[in-house]
Amino acid sequence: MNKSSFKKFWKANNGYAYLSVWLIGFFAFKFYPFLSSLYYSLTNYNLFKGGTQFVGLQNYQSIIDTAKYVKSFAVTFKYAFMTVPLKLLFALFIAYILNFKLKGINMFRTIYYIPSILGGSVSIAVLWQFLFQNEGLVNMVIKIFGGEPVNWLGSSDHALFVICLLRVWQFGSAMVIFLAALKGVPEDLYEAASIDGAGKFIQFIKVTVPMITPVVFFNLITQLCQAFQEFNGPFIITNGGPQGSTTLISILIYQNAFKTYKMGLASAMAWMLFLIVATMTAVSFISQKYWVYYGDEER
């Protein structure tokens with residue numbers, strides 16, 4: 001191939017050449033592990049002993065029949081259904097307040113976004129653990145006001161609440177998206193509602209919420225997927241305790257994969273989690289036609 005022919009070939013195919021870097025990474029680090037985990041979930045593969053024996057659906061059956069695993073899935077559902085609605089409501093509430101034109105509002109927007117930057121880090125999880133210890137800051141404040149200290153991390157009734165609170169505190173990313181959506185609501189809709197005698201609350205319910213439902217839907221899907229994959233907080237703060245009350249399925253996947261080296265069982269758990277999240281996402285997409293309003297659609 002001469003130089004001119006190579007230049008023509010490169011000009012016609014350079015897009016594929018640039019794209020090949022991403023494709024190699026996708027197939028090597030995403031697609032292949034994805035398929036291999038499906039295969040391992042049907043085997044008794046051990047990370048260090050080597051060799052695999054095909055066992056079919058035995059791993060999945062073991063998960064369904066074992067009370068500890070069933071409880072972990074139940075705790076994961078409880079965690080997700082507690083944190084996602086609370087986080088979205090809190091993020092929308094703060095975004096609504098920060099949408100007003102007030103002095104120094106940009107500073108407050110930055111401050112409220114900081115937890116989302118720091119919240120997923122190990123250091124914040126450790127700090128959260130110290131805050132809710134028996135002699136932590138939270139109990140110190142309770143004592144100041146004459147209350148009785150609470151065993152936050154040692155009680156199965158309170159430990160999950162502490163973990164959920166950490167997740168809700170990381171509302172900044174959802175808040176920023178809500179804030180952008182609120183700024184996109186046309187002012188003339190509020191003016192028309194005001195002329196009709198609607199107060200601020202009615203305007204919020206009848207105008208604001210319907211107009212931002214696409215963003216609510218987006219935040220719902222993303223936060224739901226993140227909640228089901230939560231690991232750092234429960235693992236560092238309580239390590240799944242007490243009595244398995246904060247043992248999310250992600251912690252069990254880690255324990256089976258890297259402590260007992262049962263990669264086959266861990267892969268089966270991961271696939272069950274994937275199917276649950278995929279099913280809930282599909283249901284959300286199907287249901288959006290009943291409550292999500294898009295401006296270019298006729299209702």
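Glu 135 has a relative accessibility of 61%, so this residue counts as exposed (over 50%; buried is under 20%, partly exposed lies in between, with a 1.4 Å probe and protein chains only). The structure is a predicted model, in which local features need pLDDT of at least 70, side-chain atom pairs count only at pLDDT 80 or more, and totals for chains, interfaces and linings use all residues. Residues are numbered from 1 along each chain as its sequence is written, and side-chain values use heavy atoms, with hydrogens and water left out.

**Salt bridges**

- Two salt bridges (a side-chain nitrogen of Lys or Arg within 4 Å of a carboxyl oxygen of Asp or Glu) turn up in a search of the whole structure.
- Glu 135 pairs with Lys 143 in one of them, and the closest N and O atoms are 3.7 Å apart. Lys 143 counts as partly exposed because its relative accessibility is 42%.
- Glu 230 and Arg 167 form a salt bridge through their side chains, at 2.9 Å from N to O. Glu 230 sits in the loop between α11 (213–228) and α12, while Arg 167 belongs to helix α7 (residues 159–169), so this pair ties together parts that are 63 residues apart in sequence. Both Glu 230 and Arg 167 are buried.
- The helices named here and below are DSSP runs (H or I, at least four residues), numbered from the N terminus.

**The loops on either side of α13**

- Gly 241 and Pro 242 are joined by a cis peptide bond, with omega at about -5°. Pro 242 is in the loop that runs between α12 (232–237) and α13 (249–258).
- Gln 243, also placed in the loop between α12 and α13, has a positive phi of about 55° although it is not a glycine. Its relative accessibility is 69%, so Gln 243 counts as exposed.
- Tyr 261 is another non-glycine residue with a positive phi, here about 65°. Tyr 261 lies in the loop between α13 and α14 (263–291) and counts as partly exposed because its relative accessibility is 32%.
- Most residues other than glycine have a negative phi, and most peptide bonds are trans.
- Thr 238 is in the loop between α12 and α13, and with 14% relative accessibility it counts as buried.
- The side chains of Thr 238 and Thr 246 make a polar contact of 2.6 Å. A polar contact is a pair of N or O atoms within 3.5 Å; within protein, one must be able to donate a hydrogen and the other to accept it, and residues adjacent in sequence count only if both atoms are side-chain atoms.
- Apart from neighbours within four places in sequence, Thr 238 is in contact (heavy atoms within 4.5 Å) with Leu 153, Ala 159, Ile 163, Gly 233 and Thr 246.

**Helix α2**

- Asn 59, Tyr 60 and Ile 63 are buried in helix α2 (residues 58–65). These residues cover an arc of only 100° around the axis (taken from the directions from the helix axis to the C-beta atoms), which puts them on the same side of α2.
- The face of α2 turned away from the buried side carries Gln 58, Ile 64 and Asp 65, which are exposed.
- An α-helix has 3.6 residues a turn, so residues three or four places apart point the same way.

- Ile 94 is part of helix α3 (residues 67–98) and is buried, at a relative accessible area of 6%.
- Setting aside neighbours within four places in sequence, Ile 94 is in contact with Tyr 112, Phe 171 and Met 175. The C-alpha atoms of Ile 94 and Met 175 are separated by 6.9 Å, and the two residues are 81 residues apart along the chain.
- Val 215 belongs to helix α11 and is buried, with 19% relative accessible area.
- Val 215 is in contact with Ile 177, Phe 178 and Ala 181 once neighbours within four places in sequence are left aside.

Technical notes. Helices (H or I, at least four residues) and strands (E, at least two) are DSSP runs, numbered from the N terminus.
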